[in-house]
Amino acid sequence: MPSRWSSSRPRFKISVFLSHPNPCNSRQEEFIEALRAYLDDRGFAPRTLGVTDYDMDAPLKAIRRLMLESNGMITVAFRRTYIERAVVNHLTDLPDRPARPITGQWLTSPWSHIEPAMAFQLGLPILILRESGVIVDGVLDKGVIGTYMPEFDASTPVDDYLHSPEWRDLISKWEGQTRRVIETKGNPPNLY
């Protein structure tokens, strides 16, 4: 039976690191399941610590080991902690750092910052998808890792996003970079 994403399934799967907080609602869960299926159909083997891979070492060691076995990374920065009302730079006394309110926004998991930073240090191609409403800071700031960072709305059907022109352009670029990692890893080191 033909796949809904490609006409034939490759036999060799390219290992990639899929980072995401545990989904906290059914829409997030559906998004991850659809993303996993999409990657699988495109010839990638999405691997997530605690989901597809397990390790007895400290999390950072286990993550690094899994990343060294991977050829690219996708991070999904889901909404995790809701901020009803807060103040950034509360009690500031610096004129260039004014206090400002935050209302009705979300934080994601710290791992959505840590894992892409680790992948960047290893030179892996990174694609970060940010759920709408998640505060843009840290590694989620535009331009920090050098690539466009899309925002998706988990309340809309996931297939609509995975068939959008934005997704096709982003995933094509990431796939090309990731497939080049496979080629580069196979080359002997250059002596000059």
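I started with Glu 131 and found it buried, with a relative accessible area of 3%. Buried here stands for under 20% relative accessible area, with a 1.4 Å probe and protein chains only.

A note on the source: this is a predicted model, where local features need pLDDT of at least 70, side-chain atom pairs count only at pLDDT 80 or more, and totals for chains, interfaces and linings use all residues. Residues are numbered from 1 along each chain as its sequence is written, and side-chain values use heavy atoms, with hydrogens and water left out.

Next I looked up where Glu 131 sits, and that is strand β6, residues 126–131. Strands are DSSP runs (E, at least two residues), numbered from the N terminus.

I then checked polar contacts (N or O atoms within 3.5 Å, one able to donate a hydrogen and the other to accept it; residues adjacent in sequence count only if both atoms are side-chain atoms). The side chain of Glu 131 meets that of Gln 28 at 2.9 Å, and it also reaches the backbone nitrogen of Arg 79 at 2.9 Å.

For contacts (heavy atoms within 4.5 Å), I left aside neighbours within four places in sequence; the partners of Glu 131 include Ala 77, Phe 78, Phe 152 and Ala 154.

Then I turned to the strand itself. Six of the six residues of β6 are buried, so the rest of the structure largely encloses it. I saw Leu 127, Leu 129 and Glu 131 on one side, and Ile 126, Ile 128 and Arg 130 on the other.

Last, I checked pairing (at least two DSSP bridges between strands). Strand β3 (residues 73–77) runs parallel to β6 with five bridges, and Met 73 stands opposite Ile 126. Strand β7 (residues 151–152) is also parallel to β6, with two bridges; there, Arg 130 has Glu 151 as its bridge partner.

Key: Helix = DSSP H or I, 4+ residues; strand = E, 2+ residues; numbered from the N terminus. Buried < 20%, exposed > 50% of the residue type's maximum accessible area, 1.4 Å probe, protein only.
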